[in-house]
Amino acid sequence: MARRIDVTGAGGVRLAAWEFGDPPKGDPAKAGPGPVIPAQSAHSPHPPEERGLPSADGGEGSRPSVLLLHGLMGRASHWASTARWLSERHRAVALDQRGHGQSEKPPQAAFTREAYVEDAEAALEQLGLAPVVLIGHAMGALTAWQLAARRPDLVRGLVVCDMRASALGAASQREWGDWFKSWPAPFATLAEVRKWFGEDDPWVERPNPSRGEFYAEVMQESPDGWRPVFEPEQMLKSRETWVYDAHWEELTQVRCPALVVRGLDGELGRAEAQEMVRVLPRGEYAEVADAGHLVHYDQPEGWRTAIEPFLEAVLTPGSPGTP
């Protein structure tokens, strides 16, 4: 099961977090009949246990925590497969980031790097997840390592999935703008969504059913057909705050154990991924065969095989990888 919990992000933006699996025993905040659990302010003077939220390391029934951050245009539900096996042993929470999923999409909201990082920080503090392992895909991975660099006290481990540290530049941003304009939206049916993104999209080199499923997940029915749950302009605003800059310096500031994962056919090349591992003070490397950019969607079992040993080392008390 997935249970929604409201979080207040930077600037008061309401964010939807989703906890997978049964809530920890003795957690009164999850005991009520309603599906939405409002969280306290990030600046609450009371510790998590006094707010009815479990702390990650203290109290009976507490479990090590993992926060999952999707990429641009993604949503928390894209992590469902990963979160379900994680929830067997850990507290697994996925966040709909601002402008995505069921989180708010205010037209005038900030879609800056600072806002995304502050949102993730607010989620950790309001939900009592720290110290946490952050797992991020693409833009979510950048948010994760920026937060780990900024607040090492909140993060015990980091998984970076198919995100480049180098600058992508103006040409890349223009290509994305043109790509959004090429979408034949609204789509008449979800079958058309799956076919276009899985086969007909000019960016698809060969048929990719998992890519079609990924984009079907971010569509909603409207009076004239199926449209994305996000605003493309907000996605471009989010992207333009990081594509022009390199992010190597922040990697050097990540002190916790970190795993860089790439799909063999993804956007992160092997040479750059291995350089990221070298720059990270405690970096490790893994790759997943027959996977593209959407590693956890393309090859869920290969993804699990790649990250599970790292997570066990970081989250198991007394193991060599535990900080």
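**Aromatic rings**

Modeller: Let us begin with Phe180, which is buried, with a relative accessible area of 9%. Please keep in mind throughout that this is a predicted model.

Colleague: How are the rings of Trp179 and Phe180 placed, stacked, tilted or edge-to-face?

Modeller: A pair of aromatic rings is described by the distance of the centres and the angle of the planes. For Trp179 and Phe180 the centres are 5.5 Å apart.

Colleague: How many aromatic pairs does the structure hold?

Modeller: Ring pairs link a number of residues into a cluster, among them Trp176, Trp179, Phe180, Trp183, Phe187 and Tyr297. Counted over the structure, the aromatic pairs number 18.

Colleague: Is strand E4 (residues 65-69) enclosed or open, and how many of its residues are buried?

Modeller: In a regular strand the side chains alternate between the two faces of the sheet. In E4, Ser65, Leu67 and Leu69 point one way while Val66 and Leu68 point the other way, and all are buried. The strand is therefore largely enclosed by the rest of the structure, and the buried count is five of the five residues.

Colleague: Which residue of E5 stands opposite Leu68?

Modeller: E4 pairs with strand E5 (residues 91-96) in the parallel sense, over five bridges. Between the two strands the chain passes through helix H1 (residues 80-86), and this β-α-β crossover is right-handed. Opposite Leu68, the residue in E5 is Ala94.

Colleague: Which residue of E6 stands opposite Val66?

Modeller: E4 also pairs in the parallel sense with strand E6 (residues 132-137), over five bridges. In E6, the residue opposite Val66 is Val133.

**A loop residue and a helix**

Colleague: Which residue's backbone oxygen does the side chain of Gln97 reach?

Modeller: Gln97 lies in the loop between E5 and H2, and with a relative accessible area of 3% it is buried. Leaving aside residues up to four places away in sequence, Gln97 touches several others, including Leu15, Leu69, Ser103, Tyr116 and Met139. At 2.6 Å, its side chain reaches the backbone oxygen of His70.

Colleague: How far apart are the end C-alpha atoms of helix H2 (residues 113-126), and does that agree or disagree with what its 14 residues should span?

Modeller: At 1.5 Å a residue, the 14 residues of H2 should span 20 Å. The placement of the end C-alpha atoms agrees with this, because the distance between them is 20 Å.

Colleague: How many residues of H2 are buried?

Modeller: Buried residues of H2 include Arg113, Tyr116, Asp119, Ala123 and Gln126. The helix is mostly covered, and of its 14 residues the number buried is eleven.

**Arg282**

Colleague: What separates the C-alpha atoms of Arg282 and Ala258?

Modeller: Arg282 is found in the loop between helix H9 (270-279) and strand E11 (283-288), and it is partly exposed, with a relative accessible area of 36%. Although Arg282 and Ala258 are 24 residues apart along the chain, the separation of their C-alpha atoms is 6.0 Å.

Note on methods. Residues numbered from 1 in each chain as written. Predicted model: local features only at pLDDT ≥ 70, side-chain atom pairs only at ≥ 80, totals over all residues. Heavy atoms only, no water. Helix = DSSP H or I, 4+ residues; strand = E, 2+ residues; numbered from the N terminus. Expected span 1.5 Å × (residues − 1). Buried < 20%, exposed > 50% of the residue type's maximum accessible area, 1.4 Å probe, protein only. Phe/Tyr/Trp six-rings, centres within 6.5 Å; stacked < 30°, edge-to-face > 60°. Pairing = 2+ DSSP bridges. Right-handed = clockwise from strand over helix to strand, strands pointing away. Polar contact = N/O pair within 3.5 Å; in protein donor to acceptor, adjacent residues only side chain to side chain. Contact = heavy atoms within 4.5 Å.
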